[in-house]
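Please walk through this protein with the sequence and the coordinates side by side.

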Amino acid sequence: MNEKLKDIQTKAKDFWNKYDKKQKRLIVSIFAVVVVAVIILAVVLSRPTYETLIECTDTTNAADIADTLTSNDIQYTTENNGLTIKVPKENLVKATYLIAQNGYTAKGYGIDDYKNDGGFSTTSEDKTRLYQKYLEDKMVGVLTSFDYVKSANVTFSIPATNYSVLATDEDQETFVSVQLTLKKSVPDGAAEAMARYCATAVGSDSTARVTIIDSNGNTLFQGNDSAALSGSNVNASEKEKIRQLYNDEVISNVTKLLNTTNLYSTVSVAPSLDISFDKVDKVDTVYSNDANVKQNDYVYEQEGGSYSGGVPGTDSNDDDTTYQVDTGDGSSTSITITKNEYAPSSSITHTEGEQGTLNKANSSLSIAVNKYQVYDQATLEENGQLDNTTWEQYKAQNNTVTAMNVDFTGVIQAIAAGTGIPAANISVIGYNVPVFNDKVSTFSFTNTVLPIILAVIIVGLLGFVVWRSLRPVEVTETEPELSVDEILSATKEKESVEDIEYDEKSEVRKAIEKFVDENPESVALLLRNWLNNDWE
């Protein structure tokens, strides 16, 4: 047995020794690389596959979720400064249930996950939270599809007594909170459109319970009561937008009007607009009866005539005789009283006021126009206006802004007719502004001299290349390598010299040193030949 082991050892040693040092190093390196690769592959295959559970917005939520996972013996890793939490793939469903119980929604949960994650241990509350998460993730996908939205976070707030996200009872409707990270500004009306989509997605016909903000804390949409949605209240951002729209419209119209005259170099408009955001409802009632239609008539008539008085004394009285008996004759007159009641005709007009209306009567405009007075140095020199002065002195003498001596009444009337603002509330001022144009020199180094220099350099380079290409090629002969025998024979042909003494330099020693100094490469080649040929 020992002989076999020694034989195997001897064969292995012989097999190893048949390679030189370079081949041995290569074999060892390859073996080491293979071993390391196998170890890395084993480690990678044995590691669990982690998938993203949730992307938190702050470290407080991340710490809460991490504590939940730790308490339930679920491994996890973090990325993005601890805000992104990943768990092993086999524990993803369990971790999703756990964080859903704490009000957190996992990332990327779809309808297939919702349908496939049911089991005997899944409660109805778990299923409700998972379905809520599915709707939230679906809404996130829609919102991030807009080109101005980078990312979105959506949270549903469902009443505790409600058993469905899509509740129709007003007291049980779901609140929707949306936080957007924007790539660029939101277009006008886009926030309202997103709010209506969110409300519709949760089965509500009102955006009163939808709030949308951006990552900087700016409110893009704030849902209020139904009155706010109908337009009785306008928030500050909407008011500012309306004011800006009115200002831009007035400035644009006035500027275009004045620029068409080609009389002014610059036009600046400063409007002061009275914009009312009060909603006032008016009811006007007008009564009329052009046809004299009577609703009721009242007529009173009385007939009368002459009569005779009674006889005083003991005669019996008539039936119409009173205790005061008139003994003289008299007469009566007929009286008619008429009272007419006409039927009134009423006209009622109900006017519902609008918000953001422009009160032109209380608005005003201030307009400043400038006209450039151009002074050209070359033209002035040709006209002889600079004969007795320099250009710098002329500019100093005329560099004064002066007011225009112009009647702007016609301009004001045109602006008033175009904007509807009373002419009394419009003011226009104008100034003459001097502008000096220095004489431009006709000589330019960049345009004249530099192209010539570049052309000369290019032609010179081309000529040099042609000259080099036409020059005959110089053939350099290499000296053949000298062998030891040739050097020795050459040495023997020389005259014999004295033995080399150590005390003083002989002629041979000097010749050898001279040969070494003049031909170091040949000496080195000679030494290599000696070593390779084992020359002694």
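The secondary structure of the protein comes to 16 helices and 15 strands, where helices (H or I, at least four residues) and strands (E, at least two) are DSSP runs numbered from the N terminus. The model is a predicted one, in which local features need pLDDT of at least 70 and side-chain atom pairs count only at pLDDT 80 or more, while totals for chains, interfaces and linings use all residues. Residues are numbered from 1 along each chain as its sequence is written, and side-chain values use heavy atoms, with hydrogens and water left out. Of the 536 residues of the protein, 21% count as buried, a word that stands for under 20% relative accessible area, with exposed meaning over 50% and partly exposed lying in between (1.4 Å probe, protein chains only). If one takes the contacts (heavy atoms within 4.5 Å) between residues at least 6 apart in sequence, 68% of them join residues at least 24 apart.

Helix α1 is hardly covered, for the count of buried residues among its 16 residues is zero.

A second open sheet has four strands in the order β4-β5-β6-β7, and its pairing is mixed. Its edge strands are β4 (149-157) and β7 (219-222), each of which pairs on one side only. Neighbouring strands of this sheet are turned by 10 degrees against each other on average, direction ignored. Strands β5 (residues 175-182) and β6 (residues 210-214) pair in the parallel sense over five bridges, and the bridge partner of Q179 in β6 is I213.

Across β5, β6 and β7 lies helix α7, running at about 135 degrees to β6. Helix α7 (residues 190-201) has 12 residues and reaches 16 Å from its first C-alpha to its last, close to the 16 Å expected at 1.5 Å a residue. Its buried residues are A190, A191, M194, A195, C198 and A199. An α-helix has 3.6 residues a turn, so residues three or four places apart point the same way. After α7 comes G203, whose phi is positive, near 80 degrees.

What about the cysteines? C198 has a relative accessible area of 0% and is buried, and C56, at 11%, counts as buried too. A search of the whole structure finds zero disulfides, a disulfide being a pair of cysteine sulfur atoms within 2.5 Å.

The aromatic side chains complete the tour. Rings of Phe, Tyr and Trp (its six-membered ring) pair if their centres lie within 6.5 Å, and planes under 30 degrees apart count as stacked, over 60 as edge-to-face and the rest as tilted. By this rule the count comes to five aromatic pairs. The rings of Y375 and Y394 have their centres 5.8 Å apart and their planes at 70 degrees, so this pair is edge-to-face. Because Y375 lies in strand β13 (residues 357-376) and Y394 in helix α11 (residues 391-398), the pair ties together parts that are 19 residues apart in sequence. Y375 counts as buried at 17% relative accessibility, and Y394 is buried with a relative accessible area of 11%. The rings of Y375 and F436, by contrast, are stacked, because their centres are 5.3 Å apart and their planes at 20 degrees. With Y375 in strand β13 and F436 in strand β15 (residues 426-437), this pair ties together parts that are 61 residues apart in sequence. Y375, W391, Y394 and F436 form one aromatic cluster.

Definitions and conventions: Expected span 1.5 Å × (residues − 1). Pairing = 2+ DSSP bridges. Axes fitted to C-alpha atoms, helices over the stretch in contact; angles between N-to-C directions.
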